[in-house]
Amino acid sequence: MVKETIRVYARVKPLGRRQQAGSYSVDDEEDLLSSLEITVPRDLADGFVNNKRETYKFKFQKIFDQEAKQDVIFDSIAKPVAECVLAGYNGTIFAYGQTGSGKTFTITGGAERYSDRGIIPRTLSYIFDQLQKDSSKVYTTHVSYLEIYNECGYDLLDPRHEASRLEDLPKVTIMEDSDQNIHLKNLSLQQATNEEEALNLLFLGDTNRMIAETPMNQASSRSHCIFTVHVSSKEPGSATVRRSKLHLVDLAGSERVAKTGVGGHLLTEAKYINLSLHYLEQVIIALAEKNRSHIPYRNSMMTSVLRDSLGGNCMTAMIATLSIDKRNIDESISTCRFAQRVALIKNEAVLNEEIDPRLMIVQLKKEIQDLKDELELVTGKQRTSELSQEELLQLDELIETFLKDNDPDSTLDVGADMRKIKYCFIHMKQLMNHPTTSDKKLLSQNISEEEDTNKESGEELEKLKDLLQQRDNEINILVNMLKKEKKKAQDALFQLNASSACSTVLEQSLPINLEDRQSPSSCSSLKGAKDFSSSVHRLPLLSRQTGGKMSLGCQEAFEVFKRDHADSITIEDNKQLLKQRFAEIKCLGEKLNEVRSKINCLKGEITQRHIQRAALAVSSPSEELNMFDPVEEKLRMQIEEEKKSYKTMFNRFKGLKVEIEHLQLLMEKVKMKMQKDFEVWWSEEAKNLQQEKPEMVTSPNTVTVYPQFIKSLQHLSTNSFSEITRVSPNEDPAGKNNSITFSNPTLKTRTPQSSSTSIPLTGDSQADADILAFMKARQRILQRKGLENK
Ligand SMILES: Nc1ncnc2c1ncn2[C@@H]1O[C@H](COP(=O)(O)OP(=O)(O)OP(=O)(O)O)[C@@H](O)[C@H]1O
């Protein structure tokens, strides 16, 4: 059992460009803990906090200041917890802080750069790396991902549901058994056999979370998320199984309702969040108090789920995320206060070992049989019946295998049956006295033939015997060599398969188009970077709503939206990076192939030498065969060198593969976000348009457009309009005499002056409304851009 207080860390978020830093200082020296001192100016203190104190001092296990990088956070906080989980203890890491203070960034990571990966992907990577290295145990890993929103739990990993709303996800409920153990009904446990599978599940959960969130429910801020890794391990042959869990928790924003200034639905929501965080605080206060018999875990779903992590069987670490700009200083102080209370909680982590009953039964059965055998031997109670023909044949086979086995440690195990043991002795005696193996038979036959033809020549017979013995030896040597070479060839084939399987996996998992596809190497078959712009045409979210079809106008608008979206730079950057990585991995793949062929060549040379030396030994039997061969030694050293460089390159290859997969997931995420943003923006624009001018689409043939569009229309493809007609006041039903009418040439027009135009008006009111909404939206963007440039 390990008794330990919860380790509490603080992480200060870097200040934004327009933010003004509050006054704080970090001192790392004090009695191994770090201390954080926050100074609030007197006027601010009057305004924001209730008392008049100016300086607040808090102690943490360690404080990570603004420039702390994600890898340092992982190494210092998450790695020790992950190590405990691998050893069979439960672990929890949770982030607490106000909205925007960096909880998600710390736990999951940023969406922009590979180096921004947070604790979850890094922990998964670490855990699977360690599992791969440890061959002494058999490990199984599962993951689950739970979201708690307004006191309801949702399963983010259910493969049967495609979520478009949070309510579509399976609802998770809490069950408590008679031993007061908590069980989560409906929360799926998904097996992940490697890092890639686990990351895909994380991505699926994050995507479900993002898709299910609505403007009313910015899930990231207003829900709690718990990603759990379940590890079980067992030594081969042992009946003891270790099961441990690692909870990685991203809590909802901790700001006070009064400050958020929200009402209506958001207020209810904020109350729920505050209530669940309030219950969390109550549990923590109760745990921090000595001799409290009742801890109010049952008050909220979150405290019920995290029951073990708080004051129970768990190694727990908390990260207080602080936003240290002037406006948020009071929230940071309350986060620190919360953290100080958490730091008082003591947990008692125990090794989660249990006996697997099925394995126990198998083991006990074997033990009983062994004991029965032993008993029979000791008591002399032996069976007296004759051995059956089948049993005798089996024994003959066993004896033959035993005699042929050159291993000095091999044994002949016939069980504790004296009849069998006796038979073995008799059989062996016979063999000794009258050899009957085929070779010996052959030998004796040959000898007798020789005797027949040359009976008087005893000397000759001896010579022939010697020669035969010599040939026997040669055959044995060559057979052994052949076996060794066969094994080496199999090993090489296995390596080749493993590595080409890796390339195939990579190829399948990275469906990206590179321009260069001609190279014959295994890596060259990697498909290059998928063109992002072409893939976005799929627009799954919007097309889901429109029954699978998207109007041309909408797609065109998306192209413009995408170009101007803030994330397009990120996408471009990642695309470039991905291309670079692909070039690198391709080059590495080619080099790996080269090294592999070189190793095979060297092995071939060694085989050649073996054959030559064996032939030499046959023609002139001497000590030659056993002599040290410097050439072979040199070849072996070369092989070792090549193997080393192969291993280094292969490790880099694996690293690159993980990086590429991560980058692809990031791109997918950004893409989804962009599509969602577009969806919201598009429907708003369409709504505004209809409100401003419901009669805008007046007939299938004629469309009225207002002056502010003209400019943007002219920016469209130059052949968009051949004629634009100004509408006279009396023609304009809305009385807007500065509006302009143009007609669709593909339809029979009412106005004789109207001439042809390639504007994609379809006559379908919905499609045309889409087109116009796009025109207007585009105009707005251009105007906004124009204003920004000014
Ligand atoms: N240490 C950091 N370095 C760089 N950027 C950061 C850091 N911490 C947070 N950010 C950025 O600040 C923004 C807000 O962070 P984040 O979403 O993680 O906050 P949060 O506390 O999870 O908020 P919420 O409660 O709304 O989920 C994000 O754009 C994130 O990339």
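The UniProt record, an unreviewed entry, places a "binding site" at Gly97, Gln98, Thr99, Gly100, Ser101, Gly102, Lys103 and Thr104. UniProt positions are given in the numbering used here, with feature names shortened, and annotations may be inferred rather than shown by experiment. Residues are numbered from 1 along each chain as its sequence is written. This is a predicted model, where local features need pLDDT of at least 70 and side-chain atom pairs count only at pLDDT 80 or more, while totals for chains, interfaces and linings use all residues.

I'll take two glycines from that site. Gly97 sits in the loop between β7 (91–96) and α3 (103–107), and Gly102 is in the loop between β7 and α3 as well. Helices here are DSSP runs of H or I with at least four residues, strands are runs of E with at least two, and both are numbered from the N terminus.

Are they buried or exposed? Gly97 is buried, because 29 C-beta neighbours lie inside 10 Å. Gly102 is also buried, with 20 such neighbours inside 10 Å. The cut-offs are 20 or more other C-beta atoms within 10 Å for buried, 12 or fewer for exposed, and partly exposed in between, with C-beta atoms placed from the backbone.

Now contacts, meaning C-beta atoms, placed from the backbone, within 7 Å. Leaving aside neighbours within four places in sequence, Gly97 is in contact with Gly102, Lys103, Ser254, Ala320, Thr321, Leu322 and Thr335.

Next, a helix pair. Helix α2 (residues 70–87) packs against helix α4 (residues 119–133) at an angle of about 45°, and their axes are 10 Å apart. Axes are lines fitted to C-alpha atoms, for helices over the stretch in contact, and angles run from 0 to 180 degrees between N-to-C directions. The pair α2 and α4 is therefore oblique; under 35 degrees is roughly parallel, over 145 roughly antiparallel, 65 to 115 roughly perpendicular, and the rest oblique.

Which residues of α2 and α4 meet? From α2 they are Ile73, Phe74, Ala78, Lys79, Ala82 and Leu86, and from α4 they are Ile119, Arg122, Thr123, Tyr126, Ile127 and Gln130.

Last, backbone angles. Most residues other than glycine have a negative phi. Glu151, in the loop between β8 (138–149) and β9 (152–155), has a positive phi near 70°. Glu151 is partly exposed, with 13 other C-beta atoms within 10 Å. Asn186 has a positive phi of about 85° and lies in the loop between β11 (182–185) and β12 (190–191). Asn186 is partly exposed too, with 15 other C-beta atoms within 10 Å.

Terms used:
Contact = placed C-beta atoms within 7 Å.
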